[in-house]
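Keep the viewer open while reading.

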Amino acid sequence: MTAYSQETAKRAKGVNDLLPDPDPRPAEMTKPVKVFILMGQSNMLEMGKVAGDTDGTLEHAVKQEGLYPFLIDDAGKWNTHADVRNVAVMGSGGPGKTQFRINAWLTVGNKIGVEQGIGHQLGNALDEPVLLLKSAIGNRSLGWDLLPPGSSSYEFVDPKDGKTYIYAGYGQSPDRWEKGTEPKAINWKAGLQLDGDIARAKEVLNDLGKYYPGANEYEIAGFFWWQGDKDRYNAGHASRYEQNLVNLIATLRKEFNAPQAKFVCATLGQTDRDNPTGNEKYLLEAKLAISDPQKHPELQGTVATVYTHPLSMGSSSNAHYGNNAKTYMNVGLAMGEAMVKLLKEQK
């Protein structure tokens with residue numbers, strides 16, 4: 001099983017001073033840009049606090065605790081990765097509504113997410129120019145909003161009321177209806193958010209030079225996925241998380257014409273694998289299963305799971321881990337490390 005935990009935690013919590021300062025030189029543009037697509041829900045967004053001298057901010061972590069020294073230069077200013085482009089788009093629902101939020105070289109802004117750790121790992125490991133392309137919005141579930149094509153409807157007995165419900169398959173509406181009744185569609189359907197997130201990422205790639213100056217060619221090298229908070233409130237969605245996650249991997253590879261692209265997902269930070277409870281148990285087991293060659297031999301060597309409980313500084317996914325910058329740095333560094341390992345094993 002490819003799961004990064006205790007050893008990664010030791011390195012990520014300050015110990016990733018093994019990472020060098022970013023090379024200030026621009027990337028060699030004779031090579032295609034390596035594109036990595038970041039997806040999920042709100043924890044995939046920039047939720048870590050930066051400014052302030054209290055524990056939990058990035059400034060405190062770097063300048064008071066001596067963590068993540070590669071983020072600052074000798075003058076104490078935030079470094080810039082001149083060969084890692086950071087782009088983020090967002091929209092609610094399907095294609096056609098796109099907010100272009102970030103289009104810059106990777107550096108620290110007002111808030112941070114996992115893209116900081118991911119970008120420094122990839123920028124240091126790869127000779128090619130790197131594009132981090134984030135297409136995500138908060139409060140979305142894999143079992144409904146982000147449901148991938150190929151996911152069929154199914155029956156599930158709700159433990160709360162004992163009734164049997166039909167849960168929507170891709171393209172169906174509403175989310176669920178009681179078995180034996182006629183479904184009444186709403187103005188949303190299963191998979192609508194995924195359709196939109198994919199379309200928004202493609203919108204960036206179709207105008208590559210605008211988002212990575214000087215770039216003409218690209219290769220989709222990998223996907224990052226940090227999601228699951230909304231599914232943990234719905235037993236029906238949680239119970240199908242593994243199957244939906246496998247379908248998601250296949251869908252992303254097909255949609256972006258990248259059958260060999262690697263996939264790295266992260267577990268929810270509050271979920272301890274020694275004592276998982278409730279619906280979170282389904283989510284944890286699902287994410288660990290996809291990187292277990294005994295359970296999914298078809299994904300072997302192309303998928304990795306980052307177990308984030310040792311990396312989290314507390315709080316939980318629904319509270320964005322208290323906006324603690326160290327959690328986002330630690331998880332990002334671990335996800336980036338996992339991706340680098342997958343890419344190296346490919347060669």
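## A covered strand

Strand β2 (residues 33-40) is mostly covered, with eight of its eight residues buried. Buried means under 20% relative accessible area, exposed means over 50%, and partly exposed lies in between (1.4 Å probe, protein chains only). Helices (H or I, at least four residues) and strands (E, at least two) are DSSP runs, numbered from the N terminus. The model is predicted: local features need pLDDT of at least 70, side-chain atom pairs count only at pLDDT 80 or more, and totals for chains, interfaces and linings use all residues. Residues are numbered from 1 along each chain as its sequence is written, and side-chain values use heavy atoms, with hydrogens and water left out.

In a regular strand the side chains alternate between the two faces of the sheet. Both faces of β2 are covered. V33, V35, I37 and M39 are buried on one side. K34, F36, L38 and G40 are buried on the other.

## Partners of β2

β2 pairs with strand β11 (residues 218-226) in the parallel sense, over eight bridges. Two strands pair if DSSP finds at least two bridges between them. Y218 in β11 is the bridge partner of V33. Strand β7 (residues 130-135) also runs parallel to β2, and five bridges join the two. Here L131 of β7 is the bridge partner of V35.

V35 sits in β2. It counts as buried because its relative accessibility is 0%. V35 touches L131, L133, L205, Y218, E219, I220, A221 and G222, leaving aside residues up to four places away in sequence. Contact means heavy atoms within 4.5 Å.

Strand β8 (residues 154-157) has a covered face, Y154 and F156, and an uncovered one, E155 and V157. β8 pairs with strand β9 (residues 164-167) in the antiparallel sense, over four bridges. Y165 in β9 is the bridge partner of F156. Six residues lie between the strands of this hairpin, and G162 takes a positive phi near 75°.

How far apart are the end C-alpha atoms of helix α8 (residues 278-289)? They are 18 Å apart, which agrees with the 16 Å that twelve residues should span at 1.5 Å a residue. The expected span is 1.5 Å times one less than the number of residues. Buried residues in α8 are N279, E280, L283, L284, A286, K287, L288 and A289.

N244 lies in helix α7 (residues 241-255). N244 counts as buried because its relative accessibility is 4%. It touches L142, G143, L147, P148 and S151, not counting residues up to four places away in sequence.

## Pocket and cavities

Rolling a probe the size of a water molecule over the atoms shows where empty space is left. The grid is 1 Å, over the protein atoms alone: a cavity is a set of points where a 1.4 Å probe fits but cannot get out, a pocket is an open set with protein on both sides within 12 Å along at least five of seven lines, and lining residues have an atom within 4 Å of a point. Grid points are joined across faces, edges and corners, and a volume is the space filled by probe spheres set on the points.

The largest pocket has a volume of about 200 Å³. It is lined by 13 residues, and D23, R25, P26, D83 and D127 lie nearest its centre. β4 (81-90) and α3 (115-125) each supply at least two lining residues.

The whole structure holds two cavities of 30 Å³ or more. T267, L268, T271, E280, L283, L284 and K287 line it. L268 lies in the loop between β12 (262-266) and α8. At 4% relative accessibility, L268 counts as buried. Its contacts include W226, R232, L283, K287 and Y321.

## Backbone exceptions

The peptide bond from S173 to P174 is cis, with omega near 5°. P174 is in the loop between β9 and β10 (176-178).

Y68 has a positive phi near 50° and is not a glycine. Y68 counts as buried, at 1% relative accessibility. N323, also not a glycine, has a positive phi of about 60°. N323 is partly exposed, with a relative accessible area of 25%.
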